[in-house]
Amino acid sequence: MPQYATPLSAGMDLRANIDSPVTLRPMERHLFPTGLHVAIPAGYEGQVRPRSGLAIKHGITVLNSPGTIDADYRGEVAVILVNLSADDFTVSDGDRIAQLVVARHEVVGWVPVEQIDDTERGEGGYGHTGVK
């Protein structure tokens, strides 16, 4: 079962559920099963996020971060890890490979319009607000 590492942790540790160790070579990705099936309540989602220790120490991260687990999904939770380092990294059965955060989300209804309101920012995109 996923567990919180401390009483104030937002994420629960997800562990690899594999028959034998898997070595990720540099820039290689792999889908790791966790053995976990969940029933997330309506109005919530599961967010699969990287573990900061794996990222900083080994260059290992969750490729589609955050991965979303929808409330109607009933398959096994799996984690796509990628090795962004220059060194091989081996994952063994039971290793903590990611964290799961369960969060509330909204469902919106779209209304088609001819024009949207203007703002001070307008169409300014990536990097528009400057460096400071």
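Predicted model: local features only at pLDDT ≥ 70, side-chain atom pairs only at ≥ 80, totals over all residues.
Student: In what order do the five strands of the open sheet lie?
Tutor: Strands are DSSP runs of E with at least two residues, and helices are runs of H or I with at least four, both numbered from the N terminus. Two strands pair if DSSP finds at least two bridges between them. The pairing here is antiparallel, and the order is S1-S2-S10-S5-S7.

Student: Which strands stand at the edges?
Tutor: Look for strands with a single partner strand, because one side of each is then left without a neighbour in the sheet. The two are S1 (3–4) and S7 (67–69).

Student: How many bridges join S2 to S10?
Tutor: Strand S2 covers residues 12–15 and strand S10 covers residues 96–104. Arg 15 stands opposite Arg 96 in S10. The two strands run antiparallel, and the number of bridges joining them is four.

Student: And which residue in S10 stands opposite Arg 49?
Tutor: Strand S5 spans residues 44–49. S5 and S10 pair in the antiparallel sense over six bridges. Opposite Arg 49 stands Gln 99.

Student: What is the bridge partner of Gln 47 in S7?
Tutor: S5 and S7 also pair in the antiparallel sense, over three bridges. The partner of Gln 47 is Thr 68.

Student: How many salt bridges does a search of the whole structure find?
Tutor: A salt bridge is a side-chain nitrogen of Lys or Arg within 4 Å of a carboxyl oxygen of Asp or Glu. Arg 51 and Asp 13 meet in one at 3.7 Å, N to O. They link distant parts of the chain, 38 residues apart, with Arg 51 in the loop between S5 and helix H1 (52–58) and Asp 13 in strand S2. The search finds two.

Student: Which residue meets Asp 13 in a salt bridge of 3.3 Å?
Tutor: This pair also links distant parts of the chain, from strand S2 to strand S10, 83 residues apart. Asp 13, Arg 51 and this residue are linked in a network of salt bridges. The residue is Arg 96.

Student: Is Asp 13 buried or exposed?
Tutor: Buried means under 20% relative accessible area, exposed over 50%, and partly exposed in between (1.4 Å probe, protein chains only). Arg 51 has 17% and is buried, whereas Arg 96 has 35% and is partly exposed. With a relative accessible area of 12%, Asp 13 is buried.

How values were computed
Residues numbered from 1 in each chain as written. Heavy atoms only, no water.
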